[in-house]
Amino acid sequence: MKKILITGGAGYIGSHTAVELWAAGIEPVILDDLSNSDPKVLDRLEEITGKRFQFYSGDCSDRNLLNTISSEHQLAGVIHFAAFKAVGESTRLPLKYYRNNVSALIVLLEWMQDMKIKDLVFSSSCTVYGQPEILPVTEATPRQEAESPYGNTKKICEDILIDVVKSKGGIRVISLRYFNPVGAHPSSKIGELPLGTPNNLVPFITQTAAGIREKLTVFGDDYDTPDGSCIRDYIHVVDLADAHLRAFSYLENQPADFYEVFNVGTGQGNSVLEVIQTFEKVSGQKLNYEIGPRRPGDVVQVWADTTKINQVLGWYPKFSLEDSMRDSWNWQKSL
Ligand SMILES: NC(=O)c1ccc[n+]([C@@H]2O[C@H](COP(=O)([O-])OP(=O)(O)OC[C@H]3O[C@@H](n4cnc5c(N)ncnc54)[C@H](O)[C@@H]3O)[C@@H](O)[C@H]2O)c1
């Protein structure tokens, strides 16, 4: 059975990707330092798939650990999720973010080159587009100066990958620029596990509905959008996981030293207020929320043009916003 190393595989998107790989006949090998995840995820993955995945607890910038993994498994490639992702924290502790997100990629690439592991799918983000002038954004939309150190790490990592491919370093790479991942596995056995106060809208909504948070604040309803609140492109995490599988299969048929980037979103923007209404509709819960002032640094609206991933990878999202809200709510209830 083909094996792929998933760094950050105990995390939100990585765990869902492990399930999709297994369903497609690929064995995930998981490496995670559990800095933002719970080891119980491994039990949950076993409940869903019937398989106990190989798990290595540690830092993916630990070269000795990577050497151990490659000595124990014949790896077809790597999907690199491991990173810190809290935008606000990154502005307070930028070095923590540069060290973890950038250094780990460098160590990983050196190891891949030494071990002749060719294929890499990298987790990038729509944050690299900033507030684009023209919507929707295509992959050709220019990247803008990052709003946060976190966003900058994604831009720097993309540049590192481009340079390694240009140097004919023997690596084939796809960077996937995720829009806003939401939802949970329909089994409610895995989902997003924010530590502390959630940074993202949907966990904040579900925690408020569950009574963990008193109230949700909508940051601004006076923007130049149809209902005045900010607009994002919300993509169900299982659809996002599937995009990794497609990206990986595509890479395997490409020539040496290949780099490509794809947007992963639904191609549709939804406002914060629309998300709240959809949540209330599918959950039957009235959400306690208030309109607050605008939040500095917020992008007003962004959504993806997904023509490229639709046409080149044959990938289309299957889940709707309603599905995402239902699965997020069921996951919250299971917690
Ligand atoms: N969730 C989003 O909104 C979003 C959007 C765009 C891009 N991304 C990117 O997608 C990737 C996965 O995000 P997620 O939402 O699943 O986050 P997550 O925090 O749930 O998962 C990341 C996992 O990586 C682990 N990790 C972090 N640093 C590590 C290291 N040095 N070595 C080993 N393990 C390490 C954490 O313990 C965690 O389990 C990240 O690179 C993130 O920046 C996420």
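## Helix α9 against helix α11

A crossing of two helices is called left-handed if the near helix is turned anticlockwise from the far one by less than a right angle, and right-handed if the turn is clockwise. By that convention α9 and α11 cross in the right-handed sense. The structure discussed here is a predicted model, in which local features need pLDDT of at least 70 and side-chain atom pairs count only at pLDDT 80 or more, while totals for chains, interfaces and linings use all residues. Residue numbers start from 1 along each chain as its sequence is written.

Helix α9 comprises residues 272-283 and helix α11 residues 321-334, and the two pack at an angle of about 65° with their axes 9 Å apart. The axes are lines fitted to C-alpha atoms, for helices over the stretch in contact, and the angles run from 0 to 180 degrees between N-to-C directions; helices (H or I, at least four residues) and strands (E, at least two) are DSSP runs numbered from the N terminus. On the α9 side the contact involves T278, F279, V282 and S283, which meet L321, E322, M325, R326 and W329 of α11, a contact being counted if the C-beta atoms of two residues, placed from the backbone, lie within 7 Å. These residues divide into five nonpolar, two polar and two charged, where Ala, Val, Leu, Ile, Met, Phe, Trp, Tyr, Cys and Pro count as nonpolar, Asp, Glu, Lys and Arg as charged, and the others, Gly among them, as polar.

## Helix α7 against helix α9

Helix α9 also takes part in a packing with helix α7 (residues 201-209), the two axes coming within 11 Å and crossing at roughly 40°. The pair is therefore oblique, since angles under 35 degrees count as roughly parallel, over 145 as roughly antiparallel, 65 to 115 as roughly perpendicular and the rest as oblique. The crossing of α7 with α9 is right-handed. From α7 the contributing residues are L201, I205 and A209, and from α9 they are V272, V275, I276, F279 and S283; by class this contact holds seven nonpolar residues, one polar and no charged.

## Helix α1 against helix α2

Helix α1 (residues 12-23) and helix α2 (residues 40-49) have axes that come within 11 Å of each other and cross at roughly 30°, which makes α1 roughly parallel to α2. Here, too, the crossing is right-handed. S15, A18, V19 and W22 of α1 form the contact with V41, L45, I48 and T49 of α2, and the set consists of six nonpolar residues, two polar and no charged.

## The shell around the ligand

The ligand is surrounded by 29 residues, of which G8, G11, S37, A82 and A83 are the closest; a residue is taken as near if its C-beta atom, placed from the backbone, lies within 6 Å. Two or more residues come from each of α1, β2 (26-32), α5 (94-115) and β5 (119-125), and α1 gives the most, with three. Classified as above, the shell contains 13 nonpolar, twelve polar and four charged residues.

## Backbone geometry in loops

Most residues other than glycine have a negative phi, and most peptide bonds are trans. L34, although not a glycine, has a positive phi of about 60°, and its place is the loop between β2 and α2. With 13 other C-beta atoms within 10 Å, L34 is partly exposed, given that a residue is buried if 20 or more other C-beta atoms lie within 10 Å of its own, exposed if 12 or fewer, and partly exposed in between, with C-beta atoms placed from the backbone. K168, in the loop between α6 and β6 (172-178), likewise has a positive phi, near 55°, and is exposed, with 9 other C-beta atoms within 10 Å.

A cis peptide bond, with omega of about -5°, links L135 to P136, and P136 belongs to the loop between β5 and α6 (149-166).

L216 is in strand β8 (residues 216-219) and counts as partly exposed because it has 19 C-beta neighbours inside 10 Å. Apart from neighbours within four places in sequence, L216 contacts F204, I205, T208, L287, N288 and Y289.

D239, in helix α8 (residues 237-251), has 22 C-beta neighbours inside 10 Å and so counts as buried. Residues up to four places away in sequence not being counted, D239 touches P317, K318 and F319. Between the C-alpha atoms of D239 and R92, which are 147 residues apart along the chain, the separation is 33 Å.
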